[in-house]
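Me: New one for me. Can you walk me through it?

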Amino acid sequence: LAQGVLSSIVLPRKSAGRARSVRFPHCGCAGLGPSLAMASTDLPSRSGEPPRTRCDNEYTGLANPDNLCCMNVVVQALFHIPAFRERLIAAVASGGVPEANIATRELASLFRALLAGDHTADCRRLLELCAEELAAFDRQNDAGELWLRLLHKLHDEEGEPAPATPSSRQSLLGLFESEQENRIVYDDGSEPDVERYTGFDVRCQILDGPHRTHPSLVAALTAAVAVKEVENLDSESDEDCGPLNMTAQHCYVTLPKVMWVVLERGGFDDEGNFIKVQKHVPYPERLDASCISAAGGSYVLQSVVVHRGSLRDGHYYAFIRPGLGQWYRFDDANVRACEACEVFDLAEEGASDTAMAFGYLLASCADEILRPSSPAPSG
């Protein structure tokens, strides 16, 4: 696979009685590998100040003793979704989560530490659990990929509920779930090949062709669901059908209440090297989701994950506004209030500070997500 560019999906060619391999635009399917293996070597802060161990506000940071920033931003983004946080803590406190569900229990433990103001908590164990299949990349993992892997880990640990019991998985992960489709259509009128699955993110690419970037996040999202011609990779000729033309489309049949949008920044330079595309791409505070799905909906921006650096080294931090009011910058143990202009004008921060992922909340459900009615038990 060319990371973050194209993924190969083998779908059956029904009329020919054998499989044809086609190249499908990358859509963030589970198990396709990291979209970008961003290094997190924790460059010093731009101000030169050492990270503080305590914060000058009500929010708590996470320690970073060993290149954990890529996981820290994911945990903070999830923590500031109270509906999910409180259900997870309550599930563990009630004894409903087996000891074998290590990732679920570890995430709940981190949430409790953040609620208690424990500035020494770190995500080392959680990162190891999520990145165990990415050993070749060490800890150079894309935060967007870690979000996906963590939610799939929680999903796998939850398992399928018994038929006679309510779905606890729905109560924990239902906020993030969307129904997605990969669709291949053949020009000979035969039945399309459709793969439908439940996904936990929305993905798009910054590039709109060689050395050309999309002008905005909305444009990138629109292009991600457009119908595309795909290449038939089968080298053998089909004597019955002749050359076969196909189109492919990735569709979002439903959209989640909490939408995690990953902007893939992989690209090739003039020498053929795979690099991070550094260009700033504007992103909206309010997103009309009709650009990616007929389900539509108005979404409001709650979090932005930023990567500073190149493909080989760098650092992650995040902007989050917990109650959709004041923005805060979460930079490992350092948390401070910030103005909206700092969030939306990243080009002013530096050429290598680029937004990688965005957390959008369905506006009509914002109160339900941010102010759930039942408090989580402290146990």
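Me: Which hand is the crossing of α1 and α5?
Reply: Right-handed; that is, the near helix is turned clockwise from the far one by less than a right angle. The model is predicted: local features need pLDDT of at least 70, side-chain atom pairs 80 or more, while totals for chains, interfaces and linings use all residues. Numbering starts from 1 along each chain as its sequence is written, and side-chain values use heavy atoms, without hydrogens or water.

Me: Which residues meet there?
Reply: From α1, Cys-70, Met-71, Val-73, Val-74, Ala-77 and Leu-78. They meet Ala-143, Leu-146, Trp-147, Leu-150 and Leu-151 in α5 (heavy atoms within 4.5 Å).

Me: Which way do they point?
Reply: Gly-314, Tyr-316, Ala-318 and Ile-320 point one way, and His-315, Tyr-317 and Phe-319 the other.

Me: How many bridges join β12 to β13?
Reply: Seven, and the two strands run antiparallel. Val-306 has Tyr-317 of β13 as its bridge partner. A hairpin with four residues connects β12 to β13.

Me: What about β14?
Reply: β13 and β14 (residues 327-331) pair antiparallel over three bridges (pairing takes at least two by DSSP). Ile-320 is bridged to Tyr-328 in β14.

Me: What lies between β13 and β14?
Reply: Six residues, in a hairpin. Leu-324 in the turn has a positive phi of about 65 degrees.

Methods: Buried < 20%, exposed > 50% of the residue type's maximum accessible area, 1.4 Å probe, protein only.
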